[in-house]
Amino acid sequence: MTAGLFIIALLVCLFLGIPIFIAMMIPSTYYLLNVLNMQPIMAVSSFTAGLNKFSTLCLPFFILAASVMGKGQIGSRLLKFCRSIVGHMYGGIGMTAIVCCIIIGAISGASTAGILIIGALIYQEMIDNGYPRGFSAGLICTVSSVGMLIPPGIAFVVYAMNTNTSVLKLFMGGLSSGIVMAAIFMVYVYVYARRHKVPRLPRISLKEFFTAVKEAIWALGLPVIIIGTMYTGICTPTEAAAISAVYAIFVEMVIYKDVDFKTLIDICGDCAKTVCTIYILLAAGQLLGYVMTLARIPQLMEAMLGSTSRLMILLVINIMFLIAGMFMGAGSSIVIIMPMVYQLALKAGIDPIFLGNVVVTNLAIGMSTPPFGLNLFVSAKVMKLSFVEIVRSSMPFIMLTILVLIIITLFPGLSLFLPNLLVE
């Protein structure tokens, strides 16, 4: 089996609908045992090496914290708080959705969290305040993807595990991309609201503002803990994740009293299933990457491109991940594609932190892009719209996310400014 046949076998397994981790293991194991004549223990050793990293411990804690906070009444509290800040501006309700998705992203690190937690609430509120259904649905569907870029983005952790890159620096680079995306969306919403004369909400009183802050203060503490402790160097990402999980449980069970012990057990069970899915994918990705290196896949990619210029490599990576994001989840895309292009990118002088930001930005766009963007299906269910309506409504906003990708790709300094301030 040549390197080319290895890639073909992998693609065939994926197209046949075989579970992704098995699709990665079948050609990899066959290549090791029958082409390279290695001992079976090498496949087992490479598989388990993918999980033998301290930083992988942050995944279950971040996911648990997000799951606990998501089960309570955090959505309505955060909406009220965000509305108190930007609700009186032109496009205030739309901006409320954007700001709220940023905060939820800083709690969950997942693309669909914003839709699930506030989607139904803010969608109806936007319609009641004069926004068209299509505009409202498209905004909520696409802006929720900012959760993948704001720390603690789970996709960044998966990227770090596959490239031995600093999780903390990736988080800080993603924060820049998240801010850029949110800013562009807010400008668009502002211009749209002024042009279409969407009514503004009255400015709230100081008393109402402090009431909104008081109701949301405990929920707002979680992103402060996650980002603040990591950025100041007080905690590693794993330590910050553990603290955030304990904090989330305390707030929802003791302060808000929205989660009881039985619900917590159910949450932990669901969290365990999610974590196991990610871990086995990481392990299979480690085996796949090891075999691709032995099969000289990066050299094959270089020969196919006929160039190692930085711009050409970035263009190819953008296209590969943008397409992959339309069909697969972020974790699957990273563990399958990164072994092919990572060494090639390093050879072209591309910074791994910048590369991670480009990769995750592409995958965040893919979450709202047909035919299989997960945000599209979740939005259709939450907002009770047809899939075709959601796709049509999302297209203008997808163009905005493409603009964000172009900016991130052409200006590496945006991704590297905050990480370069860190001293690890």
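Biologist: How many residues does α19 have, and how far does α19 reach from its first C-alpha to its last?

Modeller: Good place to start! Keep in mind that this is a predicted model. Helix α19 has 24 residues and reaches 33 Å from first C-alpha to last, close to the 34 Å expected at 1.5 Å a residue.

Biologist: Where in α19 does a kink lie?

Modeller: Look at M395, where α19 has a kink of about 45°.

Biologist: Which residues of α19 are buried?

Modeller: Here is the general idea: an α-helix has 3.6 residues a turn, so residues three or four places apart point the same way. In this model, the buried residues of α19 include I390, S394, F397, T401, V404 and I408.

Biologist: What do the buried residues of α19 pack against?

Modeller: Their partners are the helices α8 (133–143), α10 (167–195), α15, α17 (352–366), α18 (374–382) and α20 (412–421).

Biologist: Let me zoom in on one residue. Why is T401 counted as buried?

Modeller: T401 has a relative accessible area of 5%, and buried means under 20%, so T401 falls in that class. T401 sits in α19, which covers residues 387–410. Leaving aside residues up to four places away in sequence, T401 touches M181, F185 and I365.

Biologist: How do the lining residues of the largest pocket divide into nonpolar, polar and charged?

Modeller: There are 29 nonpolar, 11 polar and 2 charged residues in that lining.

Biologist: And what about the second largest pocket: what is its volume, and which residues lie nearest its centre?

Modeller: The second largest pocket has a volume of about 570 Å³. It is lined by 21 residues, with L11, L14, F15, A324 and M328 nearest its centre. Two or more lining residues come from each of α1 (3–15), α14 (297–305), α15 (310–327) and α16. The largest share, 5 residues, belongs to α1. By class, this lining has 19 nonpolar and 2 polar residues, and no charged ones.

Biologist: Finally, the backbone. Which residues does a cis peptide bond join?

Modeller: As background, most residues other than glycine have a negative phi, and most peptide bonds are trans. In this model, P151 and P152 are joined by a cis peptide bond, with omega about 5°. P152 lies in the loop between α8 and α9. Another cis bond joins P370 and P371, with omega about 15°, and P371 is in the loop between α17 and α18.

Biologist: What is the phi of K197, and what is the phi of K384?

Modeller: K197 has a phi near 55°, a positive value in a residue other than glycine. K197 is in the loop between α10 and α11 (206–231), and counts as exposed at 70% relative accessibility. For K384, phi is also near 55°. K384 belongs to the loop between α18 and α19 and, at 73% relative accessibility, counts as exposed.

Notes
Residues numbered from 1 in each chain as written. Predicted model: local features only at pLDDT ≥ 70, side-chain atom pairs only at ≥ 80, totals over all residues. Heavy atoms only, no water. Helix = DSSP H or I, 4+ residues; strand = E, 2+ residues; numbered from the N terminus. Buried < 20%, exposed > 50% of the residue type's maximum accessible area, 1.4 Å probe, protein only. Contact = heavy atoms within 4.5 Å. Nonpolar A, V, L, I, M, F, W, Y, C, P; charged D, E, K, R; others polar. 1 Å grid on protein atoms, 1.4 Å probe; cavity = no way out; pocket = protein on both sides within 12 Å on 5 of 7 lines; lining within 4 Å. Points joined across faces, edges and corners; volume = space filled by probe spheres on them. Expected span 1.5 Å × (residues − 1). Bend = angle between axes of the 7 residues up to and from the residue.
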